[in-house]
Each structure stands twice: as structure tokens, then as C-alpha cells.
Amino acid sequence: MLSFVVVGSGYRAQFYGRIAKKHPELFRAMFLCRSQAKVDFMQEMGMQATTSLAACEQFQPDFIVVAATKKDLGEIAAVWADKGYPVAMETPAGISLAQLEALHALHEKSARITVFEQYHRYPILAAGLHELTLGRIGNPSSAYISLAHEYHAASLLRRMLDTLGEGYSMIGTRSKNTVVETDSRYGRILDGRTSVRQRDVVTICYESGKMALYDFSGLQYHSLIRSRHLIVRGDKGEWNDDHIVFLDENNNPVHKKLVPLQHPVLEVPDLLETGLTLDNDQDEYAIATMLLDMGEFIDTGKEPYPLGEALDDAYFAVFMKEALECPGKTIASKKMPW
């Protein structure tokens, strides 16, 4: 059994508590909160919580999960790493180049820090990525992703197009549109209210000649009238949402519906029929697989997600912001120390 302390008590932090409650044979968790009111709230949800650092250390955690606000993730991770604990950070690895460089320097000093980028572990996405590694569609050359924002998209694109270590350039544009709100983190919205939402469209060209089109609005995470899509094209076929089509040895097309790929220790029958409708259940599942991998990280140092990739993901997001602030201008990435 793995024990961990979660620093934070917000929406993302609560995922870890629900996972521990669902799998008490695998995990035990305690939450470090900023106020007694937060402690009371977490305890009402059936989770152990405290405001005391000493109590957290007496809990004897195997590792620390940092799930605080984005701007504070790196600093909090550094504090716990200095205490000698392995640390798992929520995404992103940082929101500025200075933060990314500081985290890289800390890691170079042998601090055991990883970042829980989990999208590639969603069962349906894991299935599609597995098909790509088998060479089903041949050499992937382009991708369209309207599925996840910024650093999550960067992680998926790297795996979809096999562009690890490549430089790239971006051209971005941002528009704003009025849309009816239908859903939220906390449930359905039925009163017909509208809001103005931004949509970012960015063209990414890699050094190898591969390209990607990023097309996303945050509304897509919680909407009943805005769907999420992806297409990855190769010379022998394409992956389209939860289907893949490829050529067999006789050059005849084979159409295949993807079957969600699951971790052998955490098989969840309810997820076996899930398509590309990504939801909290899949998010919790993906995070749970990373929590399991922390055991190997502690024993051998093998990272559940390479920190260098997490730094690249966050750099992609910082870089994308620059491209969107200079619409129509081509901006080239720079080689970073990690």
C-alpha cells in the first residue's frame, strides 16, 4: 500500500481523495489544508485532513502530491523535495520560463520530482496511442487536436506525431464567440444563460515537416453542445476519435473501433465502452495509474512521466500564449536546457 500527503484541497486535489477511497487496498491519503474550514470540508467528504506539517510527517507518507494553485506548484514541490520526499506535481510544471528553469535546476540536484501529466493514460487515448506504436497508420505526419488545452495537448501531440526533442514554430489566432452554457464542474446548467468564450487556433510546424492544428476552447471541457475530436494521419491510415482505419498486408482497408486500454491492476468495467467522451471517471482512472507507478519511482527512480517532457509541455503552453498574443506572426521555439 502507498501512503501520500496531498498539499491542497481544491477541485483537482479532491481527485486524489476519491481515488484513495475507491481503492483503500492500494492507497491511503492525508490532505494538508490552508485553513481549518478546508480541513472540515475535506473531513465531511470522509478524507483525513490537517493544517499541521508535523501531522503530515507523522503520517509517514511515501511521497507528496502537490495539487495547489498553478503559480505555487514549483515552490511547494521544492520545499518537500528539500525534506527528502519524492514529489508528484499536478500540471503544469510551471507557468513561466523562470519557474521551468528553477524546477529543472532542482531536478539536476537529484531532487525526486515528477509531474502527473495523465491524458495519454485515458483508456481510449491509451488504446489509440498503442495502435500508433504498432505502426498501424504508418509514419504519422499530421494531427488535428480539439481535445485538451495547452500542455495536455503538447503531451498528446508529441506521442501522436513522435516528435520528441524536435523544434517547432507556431502561428496563432484567437476569436471570441457567444455560446449557451449547458454544463459545469458542478452539474447541468438549464437556465439558458450565455457567455462569451474564446477559441484558440494554432498551427504548429515541426522541424521534420510534420504539422499539427490545435483548435480548442475551454468550454469543451464542460458542454453538452461542444464535442472533442482528434485526427492523426499517416501514410497507411488514420486515427479518428475512437476509430482507426489502416491497410492490411494486401492493401485492403481495415476499420477498427478502439477498445479502451486499461492498467491490469485497475481494470474498471464501466470504462470499457467509453468513447472519446472524456470525463471525471477517466481522469481519476488515469491519475490512479500514475499513483500506482509512484511505487516504482520510489524504488528505482523511473518517472511515471519524464520531467523533461513535462517541462517541454509547459514551455509549449508559455510559447503558445506568445503566439496567440502576436496573431499571424510565426514564432520559433528555442532549445531549452532540459
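Q: How do the axes of helix 1 and helix 8 cross?
A: The axes of helix 1 (residues 11-22) and helix 8 (residues 280-300) come within 10 Å and cross at roughly 75°. The two helices are therefore roughly perpendicular (65 to 115 degrees). This is a predicted model: local features need pLDDT of at least 70, side-chain atom pairs count only at pLDDT 80 or more, and totals for chains, interfaces and linings use all residues. Residues are numbered from 1 along each chain as its sequence is written, and side-chain values use heavy atoms, with hydrogens and water left out.

Q: Which residues meet there?
A: From helix 1, they include Phe15 and Ile19. From helix 8, they include Ile287 and Leu291. Contact means heavy atoms within 4.5 Å.

Q: And how do the residues of that contact divide?
A: Into 7 nonpolar, 1 polar and 6 charged.

Q: New topic. Where is Thr163?
A: In the loop between helix 7 (150-161) and strand 8 (168-180).

Q: Is Thr163 buried or exposed?
A: Buried (under 20% relative accessible area). Its relative accessibility is 5%.

Q: What is Thr163 in contact with?
A: Leaving aside neighbours within four places in sequence, Thr163 contacts Leu157, Arg158, Tyr206 and Lys210.

Q: Back to helices. How do helix 6 and helix 7 cross?
A: The axes of helix 6 (residues 123-133) and helix 7 come within 9 Å and cross at roughly 30°. Helix 6 and helix 7 are therefore roughly parallel (under 35 degrees). Leu125, Leu129 and Leu132 of helix 6 make the contact with Leu156, Arg159 and Met160 of helix 7.

Terms used:
Axes fitted to C-alpha atoms, helices over the stretch in contact; angles between N-to-C directions. Helix = DSSP H or I, 4+ residues; strand = E, 2+ residues; numbered from the N terminus. Parallel < 35°, antiparallel > 145°, perpendicular 65-115°, else oblique. Nonpolar A, V, L, I, M, F, W, Y, C, P; charged D, E, K, R; others polar. Buried < 20%, exposed > 50% of the residue type's maximum accessible area, 1.4 Å probe, protein only.
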